[in-house]
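Below is a short tour, one selection at a time.

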Amino acid sequence: MTDEINLEIIKLIIQNWNAIKNIPRETWGKIRKMFQQGNKSLGFIRRPQAFLFYIDVSHTSFINKYAKYILPTEYKGYLLESIVIRKLYQDGKKETADKKRGELLRTNPRANRIFNLYSTDMFNVVFATIDKLITEGRNKEEITGISSQILDDLINDKSIIYVNNWRSFEELCYPVKKQLGAKGYCIMYGSGSDNVKKIKKIYSMIVDDAEFQNFQASHHKHEVAGIPYFSLIIIKRDIMRGLEGKTSD
Amino acid sequence: MELLEITDSNIDILLEEFGKEIDESGFIVDKATKEHVKCRYTNKDLKRDTLGGILPGSEIFIENSDVAFAGYVMEFLSNND
């Protein structure tokens with residue numbers, strides 16, 4: 001069907017929307033054909049304003065730059081919803097945010113995981129890597145492959161070091177150095193004052209020790225049920241450069 | 001994208017014209033196969049009251065939830081070039 005015919009069909013549907021029984025079956029057949037061909041000129045939706053809101057956020061948020069490199073596809077939606085929820089919390093709209101978070105949690109565990117990774121800034125490792133690969137001039141397939149592998153590691157908990165599991169700063173240094181050498185980044189997470197001290201020591205080591213001059217560290221604190229949690233993200237400077245301030249709308 | 005609102009007064013005709021019906025348990029099913037229609041993004045079986053949208057990209061049925069809205073927008077309406 002040509003664009004002109006499609007426009008006529010859409011016009012007919014809109015004009016008769018409040019008298020839907022008047023729309024001939026033949027027209028519905030054409031609409032279905034348009035849908036099946038992927039023509040995105042028309043949609044039927046229960047809450048149009050809410051839907052338009054998500055379209056607007058997707059086009060104006062930083063996610064617009066990164067989404068095409070993130071797989072599997074369903075993660076993109078979870079990430080967009082995480083961005084919306086985090087902003088609601090930042091704006092003090094806790095009740096709405098909690099409700100939406102509950103919906104995300106009920107969707108599936110990975111949706112909740114995406115929210116946790118984004119709200120603790122751990123997702124920045126993925127964004128920073130994408131930025132670096134774009135700068136290097138890599139093609140879309142390469143960028144998608146590498147960033148999806150990093151995201152998969154984060155989702156499946158293969159690249160986060162839980163500080164509470166290590167008895168001392170000295171013990172903790174080994175896996176940190178090993179991961180920095182292998183992956184170019186390291187994420188640590190811990191709770192309680194003893195573990196926070198270990199994280200602070202690691203942070204000081206990265207900042208002060210010449211051995212780590214090519215790395216940059218950022219930390220994040222949040223509370224769950226009154227208990228403080230800390231995360232520390234260490235990442236190679238050439239990966240991290242230019243990311244700050246771009247990934248929190 | 002022109003958006004037309006699904007309401008209680010037009011949903012039955014919409015379902016009918018898209019080849020769907022409501023089974024005895026209240027679920028939306030395909031008329032031909034009798035299979036439950038699931039939300040692409042939440043994987044939930046849809047009922048008349050939980051249907052949130054019928055959208056292009058083939059014929060995509062989604063739940064009336066923000067997660068489903070976000071999922072569709074990111075898959076089909078964001079910058080995926």
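Show the salt bridges over all chains and the count comes to 27, where a salt bridge is a side-chain nitrogen of Lys or Arg within 4 Å of a carboxyl oxygen of Asp or Glu. Before you go on, note that this is a predicted model, in which local features need pLDDT of at least 70 and side-chain atom pairs count only at pLDDT 80 or more, while totals for chains, interfaces and linings use all residues. Residues are numbered from 1 along each chain as its sequence is written, chains are lettered from A and ligands numbered from 1 in the order in which they are written, and side-chain values use heavy atoms, with hydrogens and water left out.

Now select Glu17(B) and Arg25(A), a salt bridge whose closest N and O atoms are 3.2 Å apart. Glu17(B) sits in helix α1 (residues 11-17) of chain B and Arg25(A) in helix α2 (residues 25-36) of chain A, so this pair joins two chains. Helices here are DSSP runs (H or I, at least four residues) and strands likewise (E, at least two), numbered from the N terminus. Next, pick Arg46(A) and Asp8(B), whose side chains form a salt bridge at 3.8 Å, N to O. Between chain B and chain A the count is six salt bridges.

Zoom out to the whole interface. Here 47 residues of chain B are in contact with 45 residues of chain A, contact meaning heavy atoms within 4.5 Å. About 4,400 Å² is buried between the two chains, 62% of it from carbon and sulfur atoms; buried area is the accessible area (1.4 Å probe) that two parts lose on being put together, summed over both. Colour Leu4(B), Glu17(B) and Met74(B): they supply 17% of the area that chain B buries against chain A, more than any other three residues.

Then select helix α5 (residues 73-90) of chain A and helix α2 (residues 66-77) of chain B, which pack at an angle of about 120 degrees with axes 8 Å apart. Among the residues making this contact are Thr73(A), Tyr78(A) and Leu80(A) of α5(A), and Val67(B) and Met74(B) of α2(B).

Two backbone stops remain. Leu71(A) and Pro72(A) are joined by a cis peptide bond, with omega about -5 degrees, and Pro72(A) lies in the loop between α4 (63-66) and α5 of chain A. Finally, go to Asp157(A), in the loop between α9 (140-155) and β2 (160-162) of chain A. Asp157(A) is not a glycine, yet its phi is positive, at about 60 degrees.

Note on methods:
Axes are lines fitted to C-alpha atoms, for helices over the stretch in contact, and angles run from 0 to 180 degrees between N-to-C directions.
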